[in-house]
Amino acid sequence: MTQTSAVDLATGLTSAQVAQRVEAGQVNAVRDRNARSLGDIVRANTFTYFNALIGSLWVLMLVSAPLIDSLFGLVIVVNTAIGIVQEYRAARTLSKLSLVHQQQATVLRDGAEQVVPPHEVVLDDLIVVGTGDQMLVDSVVVRGSGLELDESLLTGEADPVEKAESDEVLSGSFVVAGNGVVRATRIGQDSYAAKLADEASKFSLTRSELRDSIQRFIKFVSFAMIPLGILLFVSQWNATDGNIRASIAGTVPGVITMVPEGLVLLTSVAMAVSVIRLAQRQALVQDMPAVEVLARVDVVCVDKTGTLTEPGMSVQQVVALDDSVDLDGVLGAMGASEPDPNPTLAAIAAVYPAGDGWTVESTVPFSSARKWSAVTFVDRGAWVMGAPEMLLPDGHGIRGRADDLAGAGARVLLLARSDGTPDADAGPGGLAPVALVVISQTLRSDAADTVAYFLDQGVRIVVISGDNAVTVGAIAADAGIPGADAPRDARDLPEDREALAAALDESSVFGRVTPAQKRAMVGALQSRGHVVAMTGDGVNDVLALKDADLGIAMGSGAGATRAVAQIVLLDDRFAVMPSVVAEGRRVLGNVERVSDLFLTKSFYAMVVSIATVLLVLPFPFLNRHLTVVTALTIGIPAFFLALLPNHQRFRAGFFRRVLRFAVPAGVITAICAYASYGYVLRLGDEVGEARQAAVVTLFIVQWWVLVQVARPMNLLRGLIVGGSIIGFLGVLYIPWISRLFDLTWHPDRAGVVTLGFGIVGAAAVSVAHAFSGHGRTPDDETARAEAAAVAG
């Protein structure tokens, strides 16, 4: 590595030293493994198994059949282009938002603090860190004041680790107490977190039921397609007396139709569009499958501060307990003792300015686990501020006064004089209470409406806060959360997971919850089969956010909190959550609809291919026939159905439900189409006329499948299904289109029977749909949303 000059630990790097390191390539260049460039997106959408398969078959059709039978290749090109455009739009939107709202680094250069993006940090930079900051690079401590780090994301150990001068600090850990200055020692791909990312490929990917289910079906189709394709080719070889071109032209339609290629595309497009829509509402999706998880959530764990309440705090009153103490001086000195105060201390500092004669000797910074902080002043003694129930024994009279004040929803702190020197490990020492400081917190104006929405949708709200249980209960009651009248102190909760889960079944509002307990509570809820979302903004929420099925952070929250969350609410508005959930439901509900269409196609193609193999007949459809039917009953309608509003509540078992309808619907479609084909052949007509009959029957049954999938019907869906049948009539009766696709229908004997087979098939599809568990009843909200979409 190129030699670089040493850093001055008092003033940091000079501008010349920074330039020298940049020129030497000693910058914190780490590629975001979840970021996708245009090249990545093009490769991911173009070089797929199905595109390779369909591309090969396209080439075979180009040399073996009329050009019109190769239209399916153009459809794949268009689909791929749509996928690339939508994913690139989503990627650009996320990239812009991420750059604006990513955690910045405060570095000391030329003797002054500067704020720079993470990728501009260079080797030996002095980085200023405070509570809530995530360590961006590996470093060593230059100086610190009560600096404590949580390394659980790296080591799994949840206990904070104190860091003294010259101690090593690993990237990926985060500050839970104190502040300090560290010197960057390993940056970019050399850092510990980057090496872990290389080993793990990607960090904590959200599980996607949609993705997993579709991949399982694709694997099944892949296995079935190869032997069926070989048998179908042999059958066509025999049926056409060894005509190689006719054999290929008869084999390719069956194989192509088995492939649910559009399903993968539309799932990706639906998620990408949701990401863009959520970004417009200032919700940054950092993991795309998180959109789907939104719809499956049935428990939302919320932190009180910053979620139910407004971010700001203010001093409401100070209740003196010892008139001999200069409260203004003590509070002013404590407020000025921290260079990076937490919101509570900042509220005190805003009202009580620092006075002269208060020199800090030592400090114990606030931590969520201790719930108190302390400052020792030269010749002024030691002072402690924190939660009364953490500093005073049970039964102490002042505890009752504090609870009365907390009953109005305020945060109440005890200010006390210590008879010793407080220590993070040894404790605060003997305490003499001198005042109660009441900090007011305001319920968000939209919190009650948001809570009511979740309750109406069958989603349970659990409040887990580090504040006093009485305070939390008061705020929760104002928000309309059930169980707020009986808040529970988390210090009394059991550690056993099963017992903890039982306690969570009984209560919904908890106070004095430690970071480790928040994590345990999320795990206990998950052990009961719940899909849990966790919202939070503080460093004490990081562990719970990471373990939840869906972590949602506030944009103004700690950098570490935003880093582990799958979704970040950039404008801190909890009221955005209903829109976020609605997007998840739209994706899940609509992908289930279009899955019915695509999987029905795959199954009827398999059954038709098997029947053709067994009967050794020419394949009942030309490729152009299947192209037009698929486009009109599946491809075009599915594209619009996938993007319509859908507020249907999530029901587990998406893939089982789809198969319960798609399998019988596919078999019914195949039987009816083949019956028409066989009937016309028995009349002595040519294969061409028999194929036309089969196509008409196929369209009727598949169109009715579309009608069932589109229910409940409204104007938009009516236009979609109506446009489908109008398009098919145009193919049948506009002369040049009819000749192009070799399709027509006449009301003769064969035509009427063909129509009859289609109607019988449609009736059978209705029965299959009724027994498949697909019954959908639109609630009022869905109706309103769709009416608004029509009006818009």
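Colleague: What is the strand order in the open sheet of 8 strands?

Modeller: In this predicted model, the order runs β8-β21-β20-β19-β9-β16-β18-β17, and the pairing is mixed.

Colleague: What makes β8 and β17 edge strands?

Modeller: Each pairs on one side only. That holds for β8 at 283-285 and for β17 at 488-489.

Colleague: How do you know that β9 and β19 pair?

Modeller: Pairing takes at least two bridges between the strands. Strand β9 (residues 299-302) and strand β19 (residues 532-536) are joined by 4 bridges. So they count as paired. The two run parallel, and Val299 stands opposite Val532 in β19.

Colleague: Which helix packs on the sheet, and what does the helix touch?

Modeller: Helix α18, residues 497-506. It touches β16 (460-464), β17 and β18 (509-511). The direction of α18 makes about 115° with that of β16.

Colleague: Why is Cys301 called buried?

Modeller: Buried means under 20% relative accessible area. Cys301 has 1% relative accessibility, so Cys301 counts as buried.

Colleague: And what makes Cys672 buried?

Modeller: Its relative accessible area is 9%. The cut-off is under 20%, so Cys672 is buried.

Colleague: How many disulfides are there?

Modeller: The count comes to 0. A disulfide needs a pair of cysteine sulfur atoms within 2.5 Å.

Colleague: Why does Arg109 count as buried?

Modeller: Arg109 has 8% relative accessibility, against a limit of under 20%, so Arg109 counts as buried. Its place is in strand β1, residues 105-109. Leaving out residues up to four places away in sequence, Arg109 touches several residues, among them Thr11, Leu13, Glu120 and Asp125.

Technical notes: Residues are numbered from 1 along each chain as its sequence is written. This is a predicted model: local features need pLDDT of at least 70, side-chain atom pairs count only at pLDDT 80 or more; totals for chains, interfaces and linings use all residues. Side-chain values use heavy atoms; hydrogens and water are left out. Buried means under 20% relative accessible area, exposed over 50%, partly exposed in between (1.4 Å probe, protein chains only). Contact means heavy atoms within 4.5 Å. Axes are lines fitted to C-alpha atoms, for helices over the stretch in contact, and angles run from 0 to 180 degrees between N-to-C directions.
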